[in-house]
Amino acid sequence: MRYVNHEAVVKKMNKRLIVNRIFKTIFFAATLFALLVLGVLFYRIISQGVGYLTPEFFQNFGSRIPEKAGIKAALIGSIWLMCVVAPVSIILGVGTAIYLEEYATKNKLNDFIRMNISNLAGVPSVVFGLLGLTIFVRALALGNSVLAAGFTMSLLILPVIIVGAQEAIRAVPQDVREASYGMGATKWQTIINIVLPSAIPGILTGAILALSRAVGETAPLVVIGIPVIVHFLPDNLLSQFTALPMQIYDWAKRPQEAFQYVSSAGILVLMIFLLIMNSIAIFIRNKFQKRY
Amino acid sequence: MVQLLEKGSASKMETSSIVYDTQKLNLWYGNHHALKNIDLQIKENEVTAIIGPSGCGKSTYIKTLNRMVELVPTVKTSGEILYRERNIFDANYGVEELRTKVGMVFQKPNPFPKSIYDNIAYGPRIHGIRNKKVLDEIVEKSLRGAAIWDEVKDRLTTNAYSLSGGQQQRICIARCLAIEPDVILMDEPTSALDPISTLKVEELIQELKEDYSIIIVTHNMQQAARISDKTAFFLNGEVVEFDATDVIFSTPEDKRTEDYISGRFG
Ligand SMILES: Nc1ncnc2c1ncn2[C@@H]1O[C@H](COP(=O)(O)OP(=O)(O)OP(=O)(O)O)[C@@H](O)[C@H]1O
Ligand SMILES: [Mg+2]
C-alpha cells in the first residue's frame, strides 16, 4: 500500500502551479503599488521643492514671505536635538539591554520588565509628549528647551533601542562567552571584550533607525510646546529651539500656495538629513564588521 | 580500597599531589538530580579520563570543577570539591581566581572572532598583562605548547575563524595554556575533529601531562585507553568505578563497567 498516488499528483500539478503563479503576481502587484506611491511622492516633493533649495534657504530664519523663508533655525535645532537624543538614548538603551540580557536573573520582576519594554514601543508618541511636558518641561522646570525635547525624544525611542540591542546581544553565541568566563574573565570583561564588539553592528542598526524616527517625529514636540518661529540659534542646552518637522508642519498648513513649495524644500532637507544619518550607520557597521 | 588506604596513610607528599578532592558531591538542575554522591580524587600530572553513556553527567561534573555549571541558573549543589585543599564552593572563593588556575577546552572549538594573536593574548590581557613583549612571548610559547606554532606563525593577525576545525581546537588549547593553568579540563575535545587532528591533540595531551593535570571527558574508549592514567566510569550521575586505566580496561570490578567498555550497552 502506498500513500502517495503519483498519477494523481501529476494530474493536480497544473492547478498547483497556476495557484503559485497567481500569488506571485499578487505579491508583485503589491510591491509595485507601494513603489508607485513612493515614486509619485518623491516626484512631487522634488519637483516642488528643488527650486527653493538655494543657499539662502539654509541661511535664513523663518519668514512671512515665502521667498525669504529659510530653514536655518530648524536644521541647526534638529542637530542640537540629535546631540542630546543620541547619547542619552544609546547609553540608557544599551545599558538597559546589557542589564536585562547579561546581569538580570530570571525572576518575575525582570520578566515583567522585559515584556513591558516591547509594549512601550507601541505607545503613541503623543503620550510620550505628555510625559515629557509633565516631567521635563514642568516638574524639572527645563521649559521647552533642547534638553527637555531631547529627553522626551530619548524616552520615545528608548524601547526600540533596548529591544534592538537585546536582540543583538542575544545573537552573540553562548560558547564564546563561556570561553571567556572559562579563562577567569569577569562578567564586565566578557561584556566589553567579547559581547559588545560582536553586538555593536546590530545595536547601531537599531539605534540609527530609532534616531531617524526621532528626527522626523512631530507630535511630542507640539505637545511640549516647541515654538515654530525662532529667529536665533540655540547656544546652550536650555535654549529654545525649533526642529525640522515642526518647521515643515508650520509651512505646510499656511494658506499661501508658495509655502507648499517651501514645505517641500524642507522635506527634502529632512530626507537628506536622514540619508546622511543612515550612511553614517552603514559606514560604522561595515567598519566594525571588517574587524570581527 | 586503594584510595582509602592512601587517604588513611596520607603523608605530606601524597596529600599535596591530590589536585581535586571531590567529596559527596550532589548536583541538581532544578529537580533533576544529575550528580549523586560523587567521590573522586584527581592527582597531579596525571590524565584522568571520564567515560560513560550520554547524559550520565560527565560534562556536568567537569563543568562543576571550575564552577562553569553555575551559568545555568537552576543549578544547586551540595558536598565539597577541594581544589588544592580549599573548598571551591566557599563563599569567599572567587570563581575568577579558580578559573585562572583551571583552564577549560570545550567540545566545540570556540575561538573568539578575533585574530589568532588576540585569541591567545586574551587571557593574559584580562589578567592585566599589557607589555607587548611579554604578550609576544606568551603567544609564541602557548602556540608552541599547543603544537600549532609552525602552522600559524606567519599569520598571527588573521581571524581565528579562518582556520580549520582541528587548528581552531588547538588554538583553543593554546589560549588555555596562555593563562598558565594548573589543571586543564577538556570536554570531548576531539569529538568535532577528523582522525589526524584527533591524533595531534592526543599527542599534545601526552606532552601537556608533564606540566599540567588533565581531566578529559571522552566517548572514545580507545582514546581513554591510549591517553589516560586513571579512568572514571560514570553512570546515571554516579561514579560506578574509578581506577587505573589499565585496570578499568582489563579487569574491571563492576559488571556494568565491563558491559560498557565492551560495548554491550551505552
Ligand atoms: N542546563 C541543563 N538544564 C537541565 N538539565 C540539564 C542541563 N544540562 C544537562 N542536564 C541534564 O543533566 C544530565 C547530565 O548531562 P550532561 O551534559 O552532564 O551529560 P553528559 O554525560 O555530558 O552527556 P554527553 O555524553 O551526551 O555529553 C542529563 O540528564 C541532562 O539532561
Ligand atoms: Mg557532555
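Which residue of strand 4 of chain B stands opposite B:N26? Here are some friendly notes on the model, with that answer under point 4.

1. Ground rules. This is a predicted model, in which local features need pLDDT of at least 70 and side-chain atom pairs count only at pLDDT 80 or more, while totals for chains, interfaces and linings use all residues. Residues are numbered from 1 along each chain as its sequence is written, chains are lettered from A and ligands numbered from 1 in the order in which they are written, and side-chain values use heavy atoms, with hydrogens and water left out.

2. The interface. Chain A brings 18 residues to the contact and chain B brings 23 residues, contact meaning heavy atoms within 4.5 Å. About 1700 Å² is buried between the two chains, 63% of it on carbon and sulfur atoms; buried area is the accessible area (1.4 Å probe) that two parts lose on being put together, summed over both. The rule finds 1 salt bridge across this interface, a salt bridge being a side-chain nitrogen of Lys or Arg within 4 Å of a carboxyl oxygen of Asp or Glu. B:K108 forms a salt bridge with A:D175, and their closest N and O atoms are 3.1 Å apart.

3. The chain A side. Helix 7 (174-182) and helix 8 (187-216) of chain A each supply at least two residues of the side that touches chain B. Helix 7 of chain A gives the most, with 7 residues. Helices (H or I, at least four residues) and strands (E, at least two) are DSSP runs, numbered from the N terminus.

4. The antiparallel sheet of chain B. Here 4 strands make an open sheet in the order 2-1-4-5, with antiparallel pairing; two strands pair if DSSP finds at least two bridges between them. Strand 2 (32-43) and strand 5 stand at the edges with a single partner strand each, so one side of each has no neighbour in the sheet. Strand 1 (residues 18-29) and strand 4 (residues 75-83) are joined by 8 bridges. To settle the opening question, B:N26 stands opposite B:S78, while the bridge partner of B:W28 is B:K76. Helix 3 (residues 58-65) of chain B packs on this sheet, touching strand 1, strand 2 and strand 4, and its direction makes about 120 degrees with that of strand 1. For such angles, axes are lines fitted to C-alpha atoms, for helices over the stretch in contact, and angles run from 0 to 180 degrees between N-to-C directions.

5. The hairpin. Strand 4 of chain B is joined to strand 5 (residues 86-87) by 2 bridges, and the two run antiparallel. B:L82 has B:N87 as its bridge partner. The hairpin has 2 residues between the strands, and B:R84 takes a positive phi near 50 degrees there.

6. The mixed sheet of chain B. A further open sheet has 6 strands in the order 6-7-8-3-9-10, and its pairing is mixed. Its edge strands are strand 6 (102-105) and strand 10 (238-244), each pairing on one side only. Strand 7 (residues 183-187) and strand 8 (residues 213-217) run parallel, joined by 5 bridges, and B:D187 stands opposite B:V217. Helix 8 (residues 165-177) of chain B packs on the sheet, touching strand 6 and strand 7, and its direction makes about 175 degrees with that of strand 6.
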